[in-house]
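Here are some notes to read alongside the model, written as one colleague to another. Keep the viewer open and follow the points in order.

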Amino acid sequence: MQSLPPVQPAQSLAWFAEEALPGVWVGFSDTAAGNLAFHVGDEPRRVAAHRAAVDAGLTKLAGSPVPLHLQYMDQVHGAAVAVIGGPAPLPAFPPRGPTADGLVSLSASLAVMVADCVPVVLLGTTSGGKPVVGVAHAGRPGVEKGIIAATVSALRGAGALELRAWIGPSICGRCYEVPEDMRAAVSLVEPAAHATTSWGTPALDLPAAVAAQLAAAGVAARNVGACTLEHHQFYSHRRAVRDGEAEGRFIGFAAMAAPASTTGAAPQP
Ligand SMILES: [Zn+2]
């Protein structure tokens, strides 16, 4: 079992959080923030409460003069990217979000839900210095379909320069066993995905594949992740199925403090 990288505790809502630009926080939650997905059979009111607590924590963390609401998406293991204009609306029930596996915005705070797939948070700035944020959901199909390149392209289309990325917790290449033909097919698209489990069978290294795809797109990436299957502080789909645990999803997020000028609130000191 690998050792966990040092935690950078900002709030209990985040396993990892970092202020990447003034008022812009990137990070990843863990099971301490609870399950944040409505589609895994959890009690909806409990999920809504977990999401509200994360929103409140990020609002405080970012020092936003108005409450932040993370924009989630309806993830389908595709390569579609949605551009979110304006701040994310108040959370609705049932939740509303675009059907996509990548989100990009100049104004909204964004979230990607995962439990073994690779969560990626991206950040750039426009030529005028405005932050542009993105998130991507890169599972095995996303790596094959090019969700990383599509999200980077959408970020650049929104004016993002000098992109950076954070790769969060996901199942590692020593744990993610797949059939031999699947390893061959994915490795053809991205050779860095080729891996072998710790017990010697065919596997895929999705975080390595995502890192290679980010590098190919010219994006500097930092892997702050750990293996979701090996570490119980993260949700893992494979572990849930194997051990009969309840399913859950944690998130990667990019949270931006709303500019005071758009809210009528007093400028921050
Ligand atoms: Zn592992």
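**Notes on the predicted model**

1. Let me begin with a single residue. Setting aside neighbours within four places in sequence, Ser187 has Ala193 and His194 as its contacts. Please keep in mind throughout that this is a predicted model. Ser187 belongs to helix α4, which covers residues 180-189.

2. Now for the chain as a whole. Its secondary structure consists of six helices and 13 strands. The C-alpha trace spans about 60 × 40 × 35 Å along its principal axes. The radius of gyration is 18 Å, which agrees with the value near 18 Å for a compact globule, since the chain has 269 residues. Buried residues account for 50% of those 269 residues. Among contacts with a separation of 6 or more, 65% are between residues 24 or more positions apart.

3. The open sheet deserves a careful look. In what order do its five strands run? The order is β1-β2-β13-β6-β3, with mixed pairing. At the edges are β1 (16-21) and β3 (70-71), each of which pairs on one side only.

4. β1 runs antiparallel to β2 (residues 24-28), and five bridges join them. Across this pairing, Ala17 has Gly27 as its bridge partner, while Glu19 stands opposite Trp25.

5. On its other pairing, β2 meets β13, again in the antiparallel sense and over five bridges. Here Gly27 stands opposite Phe253. How many of the five residues of β2 are buried? Four of them are, which leaves the strand mostly covered.

6. Next, the helix on the sheet. Helix α1 (residues 44-62) lies across β1, β2, β3, β6 (109-114) and β13 (250-256). Its angle to β13 is about 40 degrees.

7. The largest nonpolar core contains 89 residues. Those with the most contacts inside it are Leu110, Val120, Ala138, Ala165, Leu206, Val210 and Ala254. Taking Ala165 from that list, and ignoring its neighbours within four places in sequence, its contacts are Val120, Val121, Leu122, Leu214, Val219 and Ala221. In soluble globular proteins, nonpolar side chains generally tend to be buried together.

8. Finally, Gly124. This residue is in strand β7, residues 118-125. Why does Gly124 count as buried? It has 23 C-beta neighbours inside 10 Å, and the cut-off is 20 or more. Not counting residues up to four places away in sequence, Gly124 touches Val132, Leu155, Ala160, Leu161, Glu162 and Leu163. Ala217 is 93 residues from Gly124 in sequence and 14 Å away in space, C-alpha to C-alpha.

How values were computed: Residues numbered from 1 in each chain as written. Predicted model: local features only at pLDDT ≥ 70, side-chain atom pairs only at ≥ 80, totals over all residues. Pairing = 2+ DSSP bridges. Helix = DSSP H or I, 4+ residues; strand = E, 2+ residues; numbered from the N terminus. Contact = placed C-beta atoms within 7 Å. Axes fitted to C-alpha atoms, helices over the stretch in contact; angles between N-to-C directions. Core = buried A, V, L, I, M, F, W, Y, C linked by C-beta atoms within 7 Å. Buried ≥ 20, exposed ≤ 12 C-beta atoms within 10 Å, placed from the backbone. Rg over C-alpha atoms; globule rule 2.2 N^0.38 Å.
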